[in-house]
Amino acid sequence: MALTEQEMLAELRNYDTPSITNVVATYPTSPLCLGLYNPWTENWYTDTTIRCMYPELGAVAGYAVTCVYGVPDPNYSELSFMDVIDALGASKRPTILAFEQKFPPELANKVGLAGGNMTAAMKSIGCLGAISNGPSRDIDEIRPMEFQYLLSGITPGHGAMAVQAVNVPVSIAGMDVAPGEIIHMDENGACKFPGDKLEAVLTNVKALLEEEGDRIGKLLSGPKTAKQVRAIFSGHSYAEDDEENGM
């Protein structure tokens, strides 16, 4: 019996984000790589400017709901956090909130944006985690909620702030995200891919991990000569890619 989308997303949590990137775009000449993006020129995974707050939770995966936060604008006050909640409620589940912070440079590192109340509201409506290019707060209060965060850091307070847009394309830590895309994230960072590629990503990452598990088992079965290591790698296109590029 075919898995539902929710079941496939739940199963993706068994795999780390680097493995997901491998089948999404990292090795485009591999038969297990879908080649969905040019791996270097397109912004489909995160950089070093964010870190995982709760690595013990492992990987999470869900449909992206997006929003933009900034300082209040006297000429615009149409949106609030409740509009973000409405968007989470209208999305396929589970969800990941991707919130881009657009604050002035002098404020950007002092915005403890999503605290315990906001997090509890998001979790109650099927959101598994959030990712942002800025900081947040209430790390200890949120920890028992088992809600994952990838953030630039933590800070204890904030001033007035406002929602500037909901479900628009956002850019977070080098990753461009559109509403409805799937985000997979863990302590290594995050990557995204189109929702209609969910089944293909899951199928290929299973095959990849079986292949890598067999190879690593051979490598760790006992001391090896360089010739034996080369033989173990000989049939693997990833290794061939790296060797051709002098890596």
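User: In this predicted model, how many bridges join strand 2 to strand 3?
Analyst: The model is a prediction. Strand 2 and strand 3 run parallel, and Gly 70 has Lys 102 in strand 3 as its bridge partner. The number of bridges joining strand 2 to strand 3 is 8.

User: What is the handedness of the β-α-β crossover from strand 2 to strand 3?
Analyst: Strand 2 and strand 3 are joined by 8 bridges and run parallel. Between them the chain passes through helix 3, and this crossover is right-handed.

User: How many bridges join strand 3 to strand 4?
Analyst: Strand 3 also pairs with strand 4, and these two run parallel. Ala 98 stands opposite Ile 131 in strand 4. The number of bridges joining strand 3 to strand 4 is 5.

User: How many of the 8 residues of strand 3 are buried?
Analyst: Buried here means under 20% relative accessible area. Strand 3 is mostly covered. The count of buried residues in strand 3 is 7.

User: Which residues touch the most other members of the largest nonpolar core?
Analyst: This core has 28 residues. The residues that touch the most other members are Leu 97, Phe 99, Met 122 and Tyr 149.

User: Where is Pro 94, the residue whose peptide bond from Arg 93 is cis?
Analyst: Most peptide bonds are trans. The bond from Arg 93 to Pro 94 is cis, with omega near 0°. The place of Pro 94 is the loop between helix 3 and strand 3.

User: Is Glu 146, with its positive phi, buried or exposed?
Analyst: Most residues other than glycine have a negative phi. Glu 146 is not a glycine, yet its phi is about 55°. Glu 146 is found in the loop between helix 6 and strand 5. Its relative accessibility is 56%, so Glu 146 counts as exposed.

User: What is the relative accessible area of Asn 167?
Analyst: Asn 167 has a positive phi of about 55° although it is not a glycine. Asn 167 lies in the loop between strand 6 and strand 7. Asn 167 is partly exposed, and its relative accessible area is 35%.

User: Within what arc do the buried residues of helix 1 fall, seen down the helix axis?
Analyst: The buried residues of helix 1 are Met 8, Leu 9 and Leu 12. They line one face of the helix, because they fall within an arc of 100°.

User: How far apart in space are Val 170 and Arg 143, C-alpha to C-alpha?
Analyst: Val 170 is found in strand 7, where it is buried with a relative accessible area of 4%. Leaving out residues up to four places away in sequence, Val 170 touches residues including Thr 66, Ala 98 and Met 175. Val 170 and Arg 143 are 27 residues apart in sequence, and their distance in space is 26 Å.

User: How many residues apart in sequence are the parts tied together by Lys 92 and Glu 5?
Analyst: The side chains of Lys 92 and Glu 5 meet in a salt bridge at 3.5 Å, N to O. Lys 92 lies in the loop between helix 3 and strand 3 and Glu 5 in helix 1, so the pair ties together parts whose separation in residues is 87.

User: How far apart are the closest N and O atoms of Lys 192 and Glu 181?
Analyst: Lys 192 lies in strand 10 and Glu 181 in the loop between strand 8 and strand 9. Lys 192 counts as buried at 7% relative accessibility, and Glu 181 counts as buried at 15%. The two form a salt bridge, and the distance between the closest N and O atoms is 3.2 Å.

How values were computed:
Residues are numbered from 1 along each chain as its sequence is written. This is a predicted model: local features need pLDDT of at least 70, side-chain atom pairs count only at pLDDT 80 or more; totals for chains, interfaces and linings use all residues. Side-chain values use heavy atoms; hydrogens and water are left out. A nonpolar core is a set of buried Ala, Val, Leu, Ile, Met, Phe, Trp, Tyr and Cys residues joined through side-chain atoms within 4.5 Å. Buried means under 20% relative accessible area, exposed over 50%, partly exposed in between (1.4 Å probe, protein chains only). Helices (H or I, at least four residues) and strands (E, at least two) are DSSP runs, numbered from the N terminus. The arc is that of the directions from the helix axis to the C-beta atoms. Two strands pair if DSSP finds at least two bridges between them. A crossover is right-handed if, with the strands pointing away from the viewer, the path from the first strand over the helix to the second runs clockwise. Contact means heavy atoms within 4.5 Å. A salt bridge is a side-chain nitrogen of Lys or Arg within 4 Å of a carboxyl oxygen of Asp or Glu.
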